[in-house]
Amino acid sequence: MKTNAKAMGLGCCPCCHKVVKMQAETQQCPRCHRSFSVRKINSLSHTFAWTIAALVMLVPANLYPMMIYYTLGQPEASTILEGIATFIQFGMYPVAIVIFIASFVVPLAKIIGLFILMYHAKRASKLTVKQQGQLYHIVEFLGPWSMLDVFVVAIMAAVVNLGFLSSIEAAKGITYFGLMVVFTMLAAESFDARLLWDAQDQKPKTDDSQSQLNEAKSR
């Protein structure tokens with residue numbers, strides 16, 4: 001029979017990492033006085049809500065222009081896809097690849113990863129705890145890189161400023177993109193990775209129960 005800290009009534013403070021005996025569902029850490037619970041309360045519900053919000057923001061982030069490029073006073077707005085197409089036309093393939101990865105691959109990978117984690121936290125899966133942990137670390141690792149596109153537009157708007165000749169300014173598409181990144185970060189922060197362990201711990205118990213039931217039937 002497997003034992004873990006939760007089964008032993010122990011909890012770990014997320015601030016100072018002190019392990020204490022839980023006397024209630026939510027209690028105060030005796031060392032740093034922060035209130036915490038054994039598992040994040042409503043972790044899956046909050047993660048799901050933030051992930052859906054990020055998915056919704058992904059649509060206008062790709063429909064509205066990310067930046068406006070002024071040439072001799074003439075504005076030319078471009079979305080993410082149009083910007084990638086422009087870089088390809090000018091033969092700037094490395095930049096186009098970076099923008100494509102930062103704008104599409106990373107956000108979508110993070111959102112899909114969050115959905116997969118929530119699914120496996122809800123029910124036991126064939127993935128091992130190590131594999132699920134690696135997936136969680138990948139989602140966490142992708143978080144800061146999601147802002148790469150925003151940094152590119154901000155740098156270009158700051159550098160390309162030649163007055164009437166040419167200049168670049170951010171458009172409203174970048175607002176939705178930034179919100180999407182923030183929502184995915186909040187979703188990852190809301191997710192309690194220990195729920196993956198709980199789901200795995202329940203799996204052998206179910207198998208054991210089924211074996212006992214089959215054994216009883218055979219008698």
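## Nonpolar cores

The largest nonpolar core has 21 residues, of which Ile80, Ile84, Phe177 and Met180 touch the most other members. A nonpolar core is here a set of buried Ala, Val, Leu, Ile, Met, Phe, Trp, Tyr and Cys residues joined through side-chain atoms within 4.5 Å; buried means under 20% relative accessible area, exposed over 50%, and partly exposed in between, with a 1.4 Å probe and protein chains only. Two or more residues of this core come from each of α1 (43-63), α2 (80-89), α3, α5 (148-159) and α6 (173-190). The greatest contribution is that of α6, with 5 residues. Helices (H or I, at least four residues) and strands (E, at least two) are DSSP runs numbered from the N terminus.

Apart from this core lies another, of 12 residues, which include Leu117, Ala187, Phe191 and Ala193. Ile84, in turn, is in contact with Ala96, Ile99, Phe100 and Phe104 when its neighbours within four places in sequence are left aside; contact means heavy atoms within 4.5 Å. In soluble globular proteins, nonpolar side chains tend to be buried together.

## Model and confidence

The structure is a predicted model, in which local features need pLDDT of at least 70 and side-chain atom pairs count only at pLDDT 80 or more, whereas totals for chains, interfaces and linings use all residues. Residues are numbered from 1 along each chain as its sequence is written, and side-chain values use heavy atoms, with hydrogens and water left out.

The average pLDDT (the predictor's confidence in each residue, from 0 to 100) is 79 for the protein, and 84% of the residues score at least 70. Confidence is highest in α1, at a mean of 91, and lowest in helix α7 (residues 194-218), at 60.

## Nonpolar surface patch

A nonpolar patch on the surface is formed by Ile88, Tyr93, Ile97, Phe100, Ile101 and Val105, with about 550 Å² of accessible area together. Patches consist of residues with over 30% relative accessible area and no salt bridge, like charges being joined within 9 Å and nonpolar side chains (Val, Leu, Ile, Met, Phe, Trp, Tyr) within 5 Å. Accessible areas come from the Shrake-Rupley method with a 1.4 Å probe, and for residues only the protein chains shown count as cover.

Helix α3 (residues 93-122) gives the most to the patch, with 5 residues. Val105 is found in helix α3 and counts as partly exposed because its relative accessibility is 40%.

## Loop residues

His17 lies in the loop between β1 (10-12) and β2 (19-21), and its phi is positive, near 65°. His33, in the loop between β3 (26-28) and β4 (35-37), also has a positive phi, of about 65°. Most residues other than glycine have a negative phi. His17 counts as exposed because its relative accessibility is 55%, and His33 counts as exposed at 52%.

Thr79 is placed in the loop between β6 (74-78) and α2. Thr79 is buried, since its relative accessible area is 13%. Not counting residues up to four places away in sequence, Thr79 touches Asn62, Leu63, Tyr64, Pro65 and Met66.

## Salt bridge

A search of the whole structure finds 1 salt bridge, defined as a side-chain nitrogen of Lys or Arg within 4 Å of a carboxyl oxygen of Asp or Glu. Asp192 forms a salt bridge with Arg194, and the closest N and O atoms are 2.9 Å apart. Asp192 counts as buried, because its relative accessibility is 3%.
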